[in-house]
Amino acid sequence: MSYQYSGQYKCPYCGTNRPPFATTQISSGGWVVVALMLLFCFPLFWIGLLMKDTHQTCSQCHVRLN
């Protein structure tokens with residue numbers, strides 16, 4: 001499910017008009033790449049740390065939106 005945050009925003013769960021928080025984390029696939037690179041090619045393990053996902057969380061009810 002994708003939500004647009006420009007203009008008028010309304011949380012589908014609590015109905016607040018406050019814009020959501022955006023957080024960035026290393027993806028699950030990124031951690032797998034880090035583990036594999038640590039085992040097979042140590043100098044390049046950091047490549048997996050570049051694989052990130054952005055998550056939107058409602059600022060009022062703290063439900064993950066995507």
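**Close-up views of a predicted chain**

View 1. S27 is buried, its relative accessible area being 10%; buried stands for under 20% relative accessible area, exposed for over 50% and partly exposed for values in between (1.4 Å probe, protein chains only). The model is predicted: local features need pLDDT of at least 70 and side-chain atom pairs count only at pLDDT 80 or more, while totals for chains, interfaces and linings use all residues. Residues are numbered from 1 along each chain as its sequence is written, and side-chain values use heavy atoms, with hydrogens and water left out. S27 lies in the loop between β1 (21–26) and α1. Leaving aside residues up to four places away in sequence, S27 touches M51, K52 and D53, where a contact means heavy atoms within 4.5 Å.

**View 2. The chain as a whole.** Along the sequence the pattern is β-α-β, with 1 helix and 2 strands. Helices (H or I, at least four residues) and strands (E, at least two) are DSSP runs, numbered from the N terminus. Of the 66 residues, 23% count as buried. Among contacts between residues at least 6 apart in sequence, 59% join residues at least 24 apart. The chain exposes about 4900 Å², and carbon and sulfur atoms supply 61% of this area, computed by the Shrake-Rupley method with a 1.4 Å probe; for residues, only the protein chains shown count as cover.

**View 3. A nonpolar surface patch.** V32, L36, L39 and F40 make a nonpolar patch of about 470 Å². Patch residues have over 30% relative accessible area and no salt bridge; like charges are joined within 9 Å and nonpolar side chains (Val, Leu, Ile, Met, Phe, Trp, Tyr) within 5 Å. A salt bridge is a side-chain nitrogen of Lys or Arg within 4 Å of a carboxyl oxygen of Asp or Glu. L36 belongs to helix α1 (residues 28–40) and is partly exposed, at 43% relative accessible area.

**View 4. The aromatic pair.** The count comes to 1 aromatic pair. The ring centres of F42 and F45 are 5.5 Å apart and their planes stand at 25°, so the pair is stacked. Rings of Phe, Tyr and Trp (its six-membered ring) pair if their centres lie within 6.5 Å; planes under 30 degrees apart count as stacked, over 60 as edge-to-face and the rest as tilted. F42 is exposed at 53% relative accessible area, whereas F45 is partly exposed at 28%.

View 5. H62 sits in the segment after β2 (52–57). Its phi is positive, about 60°, although H62 is not a glycine. With a relative accessibility of 55%, H62 counts as exposed.
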